Amino acid sequence: MKPEREQILREMGLGPVWKLRVPTAAMPVEEVVAPPPATAMPLPEAAPTIAPVPGVASMAPPGATAWDELAVTVAACRKCSLCEARKQAVLGVGDRNADWLFVGEGPGAEEDQRGEPFVGQAGKLLDNMLAAIGLKRGDDVYIANAVKCRPPENRTPTPEETATCRPYLERQIELIRPKLIVALGRPAAQTLLQTEIKIAAARGKLHDYDGIPLIVTYHPAYLLRTLPDKARAWEDLCFMRQTMRQRKGA
Ligand code: URA
Ligand code: SF4
């Protein structure tokens, strides 16, 4: 079936927001690769103090928090050639104590302009996907990308670029300690899992990132082009919600 333009626009927020129809219990879970740890990782009591990103010289003033340190370092980063065409590096947005972490690929034109991830068309769909499971940007949700600088012409970042940028994402995860990580699309999933994957095979399973459950799903930009896979994205949303409930012991 060819995607209908009208349908796409509706899903982008110009029509009714998605509603969860499938009961969570009906979710097909093909296989559990790595079960989540029995106990949750303790959250830091207060803002952690500086622990620099490995291999990167500190540029923050004395007394800066770890987040300040990271933000200053990323804003000035020139470790890969993506720094050349960017307007600004885009670190991430949201609740720094979030239970949910969503990771995309890299900033697009609008994100580069505004300094916030997922603010373009794919971002509208992501917001609707979040709303479908009762979530809202910034409220128990943090959104980041595999690379912090916009790849020219919105090309996929190379494995070298994602590898160079990875310590920043690792640091974000260390600081946030989310209860669940959602990788949006292949580059995000491969960066986080450090292995080649295919979305069709990797979705519907619980993966593991350093003791944190990780779920792989389609990138919203891909879903805008490929409506037939939206039903699968629905299943993934249900799976995420179910996994989080289990993590929280609800
Ligand atoms: N696509 C992404 O992967 N990230 C963004 O921030 C925007 C679009
Ligand atoms: Fe640095 Fe990452 Fe930007 Fe490359 S993409 S310049 S590693 S912040």
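Is Asn97 buried, partly exposed or exposed, and what is its relative accessibility? Asn97 counts as partly exposed, at 45% relative accessibility, where buried means under 20% relative accessible area, exposed over 50%, and partly exposed in between (1.4 Å probe, protein chains only). Asn97 belongs to the loop between strand S2 (92-94) and S3. Its C-alpha atom is 7.3 Å from that of Arg177, although the two are 80 residues apart in sequence.

The structure is a predicted model, in which local features need pLDDT of at least 70, side-chain atom pairs count only at pLDDT 80 or more, and totals for chains, interfaces and linings use all residues. Residues are numbered from 1 along each chain as its sequence is written, chains are lettered from A and ligands numbered from 1 in the order in which they are written, and side-chain values use heavy atoms, with hydrogens and water left out.

**Overall architecture**

Nine helices and seven strands are present in the protein; helices (H or I, at least four residues) and strands (E, at least two) are DSSP runs, numbered from the N terminus. The protein has 250 residues, of which 50% count as buried. Among contacts (heavy atoms within 4.5 Å) with a separation of 6 or more, 72% join residues 24 or more positions apart.

**The ligand site**

Around ligand 1 are Gly104, Glu105, Gly106, Glu111, Pro117, Phe118, Asn145 and His219, each having a heavy atom within 4 Å of the ligand. The polar contacts tabulated below are pairs of N or O atoms within 3.5 Å; within protein, one must be able to donate a hydrogen and the other to accept it, and residues adjacent in sequence count only if both atoms are side-chain atoms.

| Residue | Protein atom | Ligand 1 atom | Distance |
|---|---|---|---|
| Phe118 | backbone N or O | oxygen | 2.9 Å |
| Asn145 | polar side-chain atom | nitrogen | 2.8 Å |
| His219 | polar side-chain atom | oxygen | 2.7 Å |

Taken alone, ligand 1 exposes 240 Å², and the protein buries 91% of that. The space that ligand 1 takes is the largest pocket. On a 1 Å grid over the protein atoms alone, a pocket is an open set of points with protein on both sides within 12 Å along at least five of seven lines, and a molecule sits in one if more than half of its atoms lie within 2 Å of its grid points.

Gly104, one of the residues around the ligand, is part of strand S3 (residues 100-104). Gly104 is buried because its relative accessible area is 0%. Beyond its neighbours within four places in sequence, Gly104 contacts Phe118, Ala144, Asn145, Ala146, Leu184 and Ala188. From C-alpha to C-alpha, Gly104 and Tyr218 are 9.9 Å apart in space and 114 residues apart in sequence.

Tyr218 is placed in the loop between strand S7 (212-217) and helix H8 (220-225). With a relative accessibility of 6%, Tyr218 counts as buried. Not counting residues up to four places away in sequence, Tyr218 touches residues including Leu184, Ile199, Arg203, Asp229 and Arg232. The C-alpha atoms of Tyr218 and Arg232 are separated by 8.6 Å, and the two residues are 14 residues apart along the chain.

**Helix H5**

Helix H5 (residues 159-176) contains Glu161, and Arg166 is also found in helix H5. Glu161 counts as buried because its relative accessibility is 7%; for Arg166, which is likewise buried, the value is 11%. Setting aside neighbours within four places in sequence, Glu161 is in contact with Cys80, Ser81, Leu82, Val147 and Arg155. Under that exclusion, Arg166 contacts Thr191, Leu192, Gln194 and Tyr209. A polar atom of the Arg166 side chain lies 3.1 Å from the backbone oxygen of Leu192.

**Positive phi in loops**

Asp140 has a positive phi near 70° and is a residue other than glycine. Asp140 is located in the loop between helix H4 (121-132) and strand S4 (141-145), and at 19% relative accessibility Asp140 counts as buried. Glu153, also not a glycine, has a positive phi of about 55°. Glu153 lies in the loop between S4 and H5 and counts as exposed, with 73% relative accessibility.

Methods:
Accessible areas come from the Shrake-Rupley method with a 1.4 Å probe; for residues, only the protein chains shown count as cover. On a 1 Å grid over the protein atoms alone, a cavity is a set of points where a 1.4 Å probe fits but cannot get out, and a pocket is an open set with protein on both sides within 12 Å along at least five of seven lines; lining residues have an atom within 4 Å of a point.
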